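Subject: Structure handover and notes

Dear colleague,

I am passing on the structure below, together with notes on what was found in it. Please read the notes with the model open beside you.

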Amino acid sequence: MRTAYSVAKVRAAERDLMARLPDGALMQRAAAGLAAACADLLGRVYGSRVVLLVGSGDNGGDALYAGARLARRGAGVRAVLLSPERAHQGGLAALRAAGGRVSADPRADIGRADLVVDGIVGIGGKGGLRPAAAELADAARSATVLAVDLPSGVDADTGEVGGAAVRADATVTFGAYKPGLLIDPAREYVGALRLVDIGLELPEPDVEALQHADVAALLPVPSADSDKYRRGVVGVVAGSARYPGAAVLSVSGALRGGAGAVRYVGPGADAVIAAHPETLVHAGPPSKAGRVQAWVTGPGLGDNEEAMADVLASDVPVLVDADGLRYLDPARLRARTAPTLLTPHAGEAAALLGTAREEVESARLHSVRELAGRYGATVLLKGSSTLIAGPDGGAVRANPTGTGWLATAGSGDVLSGMAGSLLATGLAPLEAASVGAYLHGLAARHVAEKAVPLTACDVAAALPEAWLSVTD
């Protein structure tokens with residue numbers, strides 16, 4: 001599992017470690033890792049041309065010391081000093097001693113560079129780049145760009161991008177991942193991400209990202225004495241005369257989420273049975289449909305507020321998506337004895353928070369935490385980087401498998417069905433949402449590798465392939 005830590009936690013851990021190390025040893029560790037990453041990107045160091053964009057902080061020092069290592073291996077290294085009087089003096093001396101130089105013509109040097117190293121701003125930077133730095137960052141787009149710790153101009157704690165920022169092809173981060181490296185919109189600026197271990201001892205993380213092994217350990221596997229009811233039954237209340245397809249898509253996801261059976265309640269029974277004859281159907285209301293271990297409600301539901309109320313009155317976990325989100329009352333959700341999982345996209349999240357969609361999209365980490373706290377529910381905020389937050393704080397989960405190909409009608413219905421099915425198998429809401437989002441994104445990637453564009457039906461059909469790829 002990738003774990004990310006706030007700037008305050010990273011800096012505290014760095015101070016503790018530096019107190020036990022010789023002066024400058026920690027920066028040398030970082031510079032060694034950075035130089036190795038530069039060499040990997042260059043392929044051939046000798047004769048290559050490297051430009052360092054050097055700010056006034058420790059990131060600039062890391063870049064200078066790494067540049068000195070590359071210069072000793074035969075690279076032509078030029079340093080562009082954005083604040084010459086505040087550049088790291090030890091790093092600058094090391095670069096000059098190794099044969100590196102301060103650039104006299106930054107734009108010309110950048111234009112000839114094989115690699116540009118972004119050491120402009122460190123993890124404490126706030127807001128976008130200043131004009132002079134922004135011009136250099138724009139000029140660097142003609143070369144391969146490697147960012148030191150994080151791309152300059154992005155917020156390390158939140159993933160927000162408040163103005164001009166460096167767009168890196170790769171980022172080398174030291175000691176720990178920072179939340180902004182895993183969360184959009186900043187994640188789009190990061191490129192390939194590499195962690196250099198410098199020996200930090202860290203507390204509980206602020207953000208987590210599951211990997212294959214984590215998902216495999218959470219997936220429900222039937223035992224020899226399992227039957228369809230012991231594996232869990234998920235109920236689906238979805239679809240309407242206007243949106244009958246939502247019922248089919250939600251059920252298709254639910255059937256592939258590990259539960260032993262799916263009960264469907266709603267007006268789309270004929271369409272559901274035609275597509276998935278193994279589904280158990282009932283005319284309703286949901287409370288009369290038979291025992292379930294979890295409910296999914298909302299996709300394509302229209303104005304069926306009565307069904308929503310019936311489901312929320314149950315004593316089992318409930319996933320609410322799409323149309324169902326319009327009927328939510330924070331006090332009512334907090335009064336439930338069983339957990340609730342909400343799965344809004346940015347527009348729906350904005351409506352729940354009473355703010356603008358743009359505010360949600362630019363501050364996704366804050367928004368998902370605010371929603372979870374306000375509604376007393378686990379919240380899966382869909383988007384280019386899907387985030388999941390629990391109601392009691394703790395680390396937020398960032399899904400690493402998202403892809404733009406999921407921006408297609410009905411894909412959210414499939415995700416809701418699958419995550420609800422995982423709830424019915426006994427996974428906690430945070431785990432069900434995290435595993436569901438991971439496999440959902442992985443399925444879309446599998447399809448996109450073979451043929452694009454894809455549809456929500458394609459994603460649903462590929463879920464077993466995604467499941468197997470995690471467990472193999």
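Which helices each supply at least two residues of the lining of the largest pocket? They are α1 (7–18), α2 (25–42), α3 (58–72) and α6 (131–139), where helices (H or I, at least four residues) and strands (E, at least two) are DSSP runs numbered from the N terminus.

Before going further, please keep in mind that this is a predicted model, in which local features need pLDDT of at least 70 and side-chain atom pairs count only at pLDDT 80 or more, while totals for chains, interfaces and linings use all residues. Residues are numbered from 1 along each chain as its sequence is written, and side-chain values use heavy atoms, with hydrogens and water left out.

**Pockets**

A pocket here is an open set of points on a 1 Å grid over the protein atoms alone, where a 1.4 Å probe fits, with protein on both sides within 12 Å along at least five of seven lines, and its lining residues have an atom within 4 Å of a point. A volume is the space filled by probe spheres set on the points, which are joined across faces, edges and corners.

The largest pocket holds about 1,100 Å³ of space. Its lining has 45 residues, and Ser56, Gly57, Asp58, Asn59 and Gly122 are the closest to its centre. The helix that gives the most to this lining is α3, with five residues. By class, the lining of the largest pocket comprises 20 nonpolar, 15 polar and 10 charged residues, with Ala, Val, Leu, Ile, Met, Phe, Trp, Tyr, Cys and Pro counted as nonpolar, Asp, Glu, Lys and Arg as charged, and the others, Gly among them, as polar.

The second largest pocket has a volume of about 600 Å³, and of the 28 residues that line it, His345, Lys382, Gly383, Leu406 and Ser411 lie nearest its centre. Two or more residues of this lining come from each of α12 (346–353), α13 (357–362), α15 (411–424) and α16 (429–450), and α15 gives the most, with four residues. The lining of the second largest pocket divides into seven nonpolar, 14 polar and seven charged residues.

**Sheet and helices**

An open sheet of seven strands runs in the order β4-β3-β2-β5-β6-β7-β8 with parallel pairing, two strands being paired if DSSP finds at least two bridges between them. Its edge strands, each pairing on one side only, are β4 (101–102) and β8 (192–196). Within this sheet, β6 (residues 144–148) and β7 (residues 170–174) run parallel and are joined by three bridges, and Leu146 has Ala170 in β7 as its bridge partner.

The helix α2 lies across β2 (49–54), β5 (115–119), β6, β7 and β8, and runs at about 165° to β6; axes are lines fitted to C-alpha atoms, for helices over the stretch in contact, and angles run from 0 to 180 degrees between N-to-C directions. The helix α3 also packs on the sheet, touching β2, β3 (76–81), β5, β6 and β7, and its direction makes about 160° with that of β2; contact means heavy atoms within 4.5 Å.

A further strand, β13 (294–297), is joined to β10 (residues 233–237) by four bridges in a parallel arrangement, with Ala294 as the bridge partner of Val234. The strand β13 also pairs with β14 in the parallel sense over three bridges, where Val296 stands opposite Leu319. Both faces of β13 are covered, since Ala294 and Val296 on one side and Trp295 and Thr297 on the other are all buried, that is, under 20% relative accessible area, against over 50% for exposed and in between for partly exposed (1.4 Å probe, protein chains only).

The helix α12 is mostly covered, with six of its eight residues buried; what covers these buried residues includes α13, α14 (364–375) and β16 (378–381).

**Backbone points to check**

The peptide bond from Gly284 to Pro285 is cis, with omega near 0°, and another cis peptide bond, with omega about 0°, joins Val452 and Pro453. Asp149, in the loop between β6 and β7, has a positive phi of about 75° although it is not a glycine, and Asp149 is buried, with a relative accessible area of 5%.

Best regards
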